[in-house]
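Reader: I would like to go through the terms used for this structure and see what each one rests on. Please start once the model is shown.

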Amino acid sequence: KLILLDSLLQEICSRVAIEPVSCHPVMTSGSGTGICLNGVQFGPEELPPMPWFGMDIGGTLSKLVYFEPVNATEEEEDRVKHIRKYLTNNLAYGDSGHRDQQKQMEDVVIRNRKGRIHFIRFPTNMMTSCLELAKEKGLAETMSTVCATGGGAYKFENDFRKELNMTLHKFDELDSLIGGIQFIEQNNSKELYFWENPGEDSLACKKTFDFTNPYPFMLVNIGSGVSILSVTGPGKYQRVSGTSLGGGTFLGLCCLLTKCKTFEEALELAAKGDNKKVDKLVKDIYGGDYNRFGLTGDIVASSFGQMNIEEKFMGAAKEDLARATLMMITNNIGSIARLCCKSEGMERCVFVGNFLRINTIAMRSLSTAMEYWSNGAMKALFCEHEGYFGAVGCLLELMDVANQSTRTKNDFK
């Protein structure tokens, strides 16, 4: 019986529950429908108490989502009022935490609870400071469990327990990623977009993409490293490839080469640089285009290929080095993604991950490459909530587990 129960719980944890926006009774075993207040149907009683958080602790950046209900019971309001005031009245937390207000989602329904979702991020290497801040603001006094995904959910589990007396309810990061994308896309019709005329500075612009019938598609998740998933249906996916050269590589090399300190600094440098002063181009080898294979002279033939020439080495500014690093990482990811799409026979490719946050250069470069190598048949697709899907997905999975647990225990006790 215990083995069967454990097996069923694992099956439950592998699914993400997406509830319709309309309000209707919640059918639960032994508890009846949820509470109703002012016409809003609350979730079943066995759901976790407020506040609700979802956390994705990546190798470089940690992402936190906070669900703020618009109609709370008096008990809930008393429980969360201090932490809610702190989170919603500020855009910065300590020295490194930031709330992305422009990404805030309104009128979201999770388990028949209507509210808004707030999106917060901080560097993972500042985890100790963030835990100290959470302790100072009394977060540990309002909750004992938080759902988390990503490698850091395992790495920092003991730190959460020691500093906050808090348990991390861990979920698989790829399951959470897929579920989060599905949920947010269903709640935001303008979530996906592509770049029109990506190669022309004066004409490049974002255009909303209709993702009504999404499957199948290739999903490229660019975090510290890169995972590439073939998604064929709701919750149906497999990892087909990946690379260790991702956002963490870009930031690490930029810090090494330019002495910058943050991702934002690295991107600012790259925006002012010229990778052609660092890279060896096709025309540097052939004197022009390589027509036999359709390679124009301005295509990079060798990243950093000019740096063995003393004159070029001495003339390269740190901005040029940052731009060359960004183009090297982006071109590599785009090339692998295109090959995966070709091998799997897919025509849609969605790029997500915090490497793309405020990274217009990378998005336009990926867009240009995908269009070029597919002869215009493919467009690179991007998401407004680029790096927060894992955090949203694991919050949804916790709701699913909580809703299923009573039935499971009753059926197998």
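Author: Both faces of β3 are covered, with W52, G54 and D56 buried on one side and F53, M55 and I57 buried on the other. This is a predicted model, in which local features need pLDDT of at least 70 and side-chain atom pairs count only at pLDDT 80 or more, while totals for chains, interfaces and linings use all residues. Residues are numbered from 1 along each chain as its sequence is written, and side-chain values use heavy atoms, with hydrogens and water left out.

Reader: What makes a residue of β3 count as buried, and what follows for the strand?

Author: Buried means under 20% relative accessible area, exposed means over 50%, and partly exposed lies in between, with a 1.4 Å probe and protein chains only. In β3, 6 of the 6 residues are buried, so the strand is largely enclosed by the rest of the structure.

Reader: Why is β3 said to pair with β4 and with β9?

Author: Helices (H or I, at least four residues) and strands (E, at least two) are DSSP runs, numbered from the N terminus, and two strands pair if DSSP finds at least two bridges between them. β3 and β4 (residues 61-69) have 6 bridges in the antiparallel sense, and 3 bridges join β3 to β9 (residues 145-149), which run parallel, so both cases meet the definition of pairing. M55 has L64 as its bridge partner in β4, and D56 stands opposite T149 in β9. With 3 residues between them, β3 and β4 form a hairpin.

Reader: What makes a space a cavity here, and how many does the structure hold?

Author: On a 1 Å grid over the protein atoms alone, a cavity is a set of points where a 1.4 Å probe fits but cannot get out, and lining residues have an atom within 4 Å of a point. Grid points are joined across faces, edges and corners, and a volume is the space filled by probe spheres set on the points. The structure holds 2 cavities of 30 Å³ or more. The largest cavity has about 360 Å³ of space. Its lining has 22 residues, and the closest to its centre are L64, F122, C130, A134 and L139. The largest share of this lining, 5 residues, comes from α3.

Reader: What makes a set of residues a nonpolar core, and which have the most contacts inside the largest one?

Author: A nonpolar core is a set of buried Ala, Val, Leu, Ile, Met, Phe, Trp, Tyr and Cys residues joined through side-chain atoms within 4.5 Å. The largest has 66 residues, and F53, I110, I117, F160, L219 and V350 have the most contacts inside it. Helix α14 (residues 389-412) gives the most to this core, with 8 residues.

Conventions:
On a 1 Å grid over the protein atoms alone, a cavity is a set of points where a 1.4 Å probe fits but cannot get out, and a pocket is an open set with protein on both sides within 12 Å along at least five of seven lines; lining residues have an atom within 4 Å of a point.
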